[in-house]
Amino acid sequence: MATLRKYPVGIQSFETIRMDGYVYVDKTPLIYKMITEGKPYFMSRPRRFGKSLLCSTLEAVFQGRRELFEAFTTEEGIEQPQLFIATTNWKWNRYPVIHFDFSKNKIYTTEILDLQIDNTLSQYEQEYGITPTTTDSSTRFQRIVTEAHRQTGRRVVVIVDEYDNFMLHSIGDRKLEEGVRIRFSNLFGPLKALDDHLQFVFITGISKFSQMGIFSTLNNLKNISMLPNYEALCGITEEELTTQLQPDIELLAQNRGESKEKTFAELKRMYDGYHFCHKRTDIYNPFSLFNAFDSGEIKDYWFDSATPGAVIDMLAKMPPITLADIDGVNCPSDRFDVPFNSYDDPLPVLFQSGYLTIKDYRSDRDSYTLGMPNAEVRRGFANCLYQYVMAAKGVDRNRNAMQQAYYDFFDYDNLPAFIEAIKTFFAGIPYHLAERAQNDGGTEKAERHYHAILYTLLVAFGADIVVEEPTAKGRSDIVLKMPKGIYVVELKVDDTAENALAQIDHRGYADKYAHDGRPVTKVGIAFSSHERNITDWIEKPYQR
């Protein structure tokens with residue numbers, strides 16, 4: 001039986017994790033590579049992916065705290081293993097470290113930013129006995145770096161965690177956005193000129209620094225965000241999960257009363273699927289993994305805690321999007337360099353925020369295929385789309401009834417009751433939404449409107465669903481995979497359910513599921529643009 005373990009849920013201090021006996025996945029092989037092969041680095045990753053812990057670990061390394069990396073036993077009797085970097089020829093010299101941490105803010109104003117910058121600078125001025133002669137942050141920062149170098153005889157390490165946190169929360173407020181940009185440009189503008197005094201520079205955030213215009217003078221930063229050698233620097237690889245965290249999978253399986261293999265498969269379905277470069281190493285969400293191990297339950301953890309309100313606000317300002325628009329979309333590599341606050345392209349913000357990931361790469365075209373990484377993100381993002389992009393106030397009650405009908409359909413295979421719940425839901429949507437869709441693009445646009453809402457809701461309910469799956473003769477609208485059967489669904493607007501069913505037959509949408517083992521049902525649904533609802537539907541068993 002596996003031994004009880006402690007999980008660092010909400011803990012970002014490397015020292016605390018090691019000294020208090022929490023589980024730590026050893027990232028020091030990549031840290032050692034980074035600190036011995038280069039100097040100024042930038043890395044972007046979604047929130048809750050371990051960037052702050054990485055910054056804390058780097059600080060401990062450069063402070064020469066070798067004891068934290070060696071094998072030892074905590075006061076509670078927990079054995080902490082030796083980490084890779086302790087086996088290398090790293091000299092463990094103590095460097096002066098200046099660490100700016102913008103990850104913990106809850107209020108975003110220029111006054112709060114000024115106060116935080118001042119507090120950080122004051123901390124280091126006190127440490128090095130500096131009496132400030134100006135309030136200018138740039139001048140103070142330069143003096144701290146040069147004085148720390150002079151006093152210690154060692155060059156300075158600068159670590160900046162979540163540099164763009166204030167920027168993201170100022171998007172849409174032009175005055176605040178410009179105020180934040182000016183302050184950061186002033187503070188960090190001298191970094192390149194201070195190169196002779198710097199041993200190492202590491203900056204993290206969600207968005208690429210080139211998009212924010214903050215580090216325009218710092219063009220020597222090496223961006224490792226999409227480099228294969230550093231893809232696994234944050235997050236948990238499948239190899240790490242099945243080796244270093246193998247005891248935790250066993251404990252979770254015991255708590256769930258199921259086999260280790262089944263538990264692993266569910267962890268993979270829920271939390272795997274992140275790829276940060278063309279190499280496509282499988283990366284698991286560390287925040288969700290450790291929460292699952294800690295609670296003994298596999299459920300949604302990341303979305304609510306890691307979704308910046310600014311991202312949601314940006315999506316609401318963009319043209320309406322659906323899951324079908326973005327799940328499986330192709331884009332050239334230069335599309336990632338669109339400014340983060342560009343309201344006409346959701347892909348950069350969705351990729352960098354963790355809602356989209358790399359599914360495929362064409363080197364001959366330098367083009368990526370993007371998609372949702374896993375079930376947790378799909379469900380959370382579907383709820384986001386419903387709430388902020390597609391839904392109107394006042395229909396939540398009908399949505400809840402529809403969700404309960406879906407669960408009954410899932411458990412008891414009661415399709416007619418579920419169709420009735422869909423009709424009730426659509427009846428509660430204000431007429432202007434469907435009317436606008438039809439006016440903007442006719443019947444085809446109206447059909448897409450109904451399709452998008454139904455698909456988004458089913459994903460939000462946790463359905464195993466495929467949209468527009470390609471076949472030899474076309475793309476099926478919706479394939480819904482249930483425990484007791486597979487439902488191939490075709491939607492029509494101002495047409496008949498019979499014609500929808502005929503299209504399923506003519507194009508062979510159901511043929512690929514003939515050998516699944518579950519019964520296959522064809523479902524034709526007809527919507528009326530006048531009634532703005534389902535007017536007819538038919539279900540028929542598939543027979544090859």
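Buried means under 20% relative accessible area, exposed over 50%, and partly exposed in between, with a 1.4 Å probe and protein chains only.

The model is predicted: local features need pLDDT of at least 70, side-chain atom pairs count only at pLDDT 80 or more, and totals for chains, interfaces and linings use all residues. Residues are numbered from 1 along each chain as its sequence is written, and side-chain values use heavy atoms, with hydrogens and water left out.

Contact means heavy atoms within 4.5 Å.

Five strands form an open sheet in the order 4-5-6-1-7, with parallel pairing. Its edge strands are strand 4 (97-101) and strand 7, each of which pairs on one side only. Helices (H or I, at least four residues) and strands (E, at least two) are DSSP runs, numbered from the N terminus. Two strands pair if DSSP finds at least two bridges between them.

| Strand | Partner strand | Sense | Bridges |
|---|---|---|---|
| Strand 1 (residues 40-44) | Strand 6 | parallel | 5 bridges |
| Strand 5 (residues 156-161) | Strand 6 | parallel | 5 bridges |
| Strand 1 | Strand 7 (residues 222-223) | parallel | 2 bridges |

Strand 6 (residues 198-205) has 8 of its 8 residues buried, so it is largely enclosed by the rest of the structure. I203 of strand 6 is the bridge partner of F42, and V160 also stands opposite I203.

Strand 1 has 5 of its 5 residues buried, so it too is largely enclosed by the rest of the structure. In a regular strand the side chains alternate between the two faces of the sheet. In strand 1, P40, F42 and S44 point one way, while Y41 and M43 point the other way, and all are buried. Towards strand 7, F42 has N223 as its bridge partner, and Y41 stands opposite K222.

**The largest cavity**

The structure holds 5 cavities of 30 Å³ or more. A cavity is a set of points, on a 1 Å grid over the protein atoms alone, where a 1.4 Å probe fits but cannot get out; lining residues have an atom within 4 Å of a point. Grid points are joined across faces, edges and corners, and a volume is the space filled by probe spheres set on the points.

About 90 Å³ of space lies in the largest cavity. Its lining has 13 residues, and F418, L454, L480, V489 and I525 are those nearest the cavity centre. The lining divides into 13 nonpolar residues, no polar and no charged. In this division Ala, Val, Leu, Ile, Met, Phe, Trp, Tyr, Cys and Pro count as nonpolar, Asp, Glu, Lys and Arg as charged, and the others, Gly among them, as polar.

At least two lining residues come from each of helix 19 (415-427), helix 20 (431-460), strand 14 (474-482), strand 15 (485-493) and strand 16 (520-528). Helix 19 makes the largest share of the lining, 4 residues.

D248 lies in helix 10 (residues 246-256). D248 is buried, with a relative accessible area of 0%. Leaving aside neighbours within four places in sequence, D248 is in contact with R5, Y7, V23 and F293.

C384 is found in helix 17 (residues 375-390) and counts as buried at 3% relative accessibility. C384 and A460 are 76 residues apart along the chain, and their C-alpha atoms are separated by 8.8 Å.

L491 is placed in strand 15 and is buried, with a relative accessible area of 1%. From L491 to S476 the separation is 15 residues in sequence and 9.3 Å in space, C-alpha to C-alpha.

Note on methods
1 Å grid on protein atoms, 1.4 Å probe; cavity = no way out; pocket = protein on both sides within 12 Å on 5 of 7 lines; lining within 4 Å.
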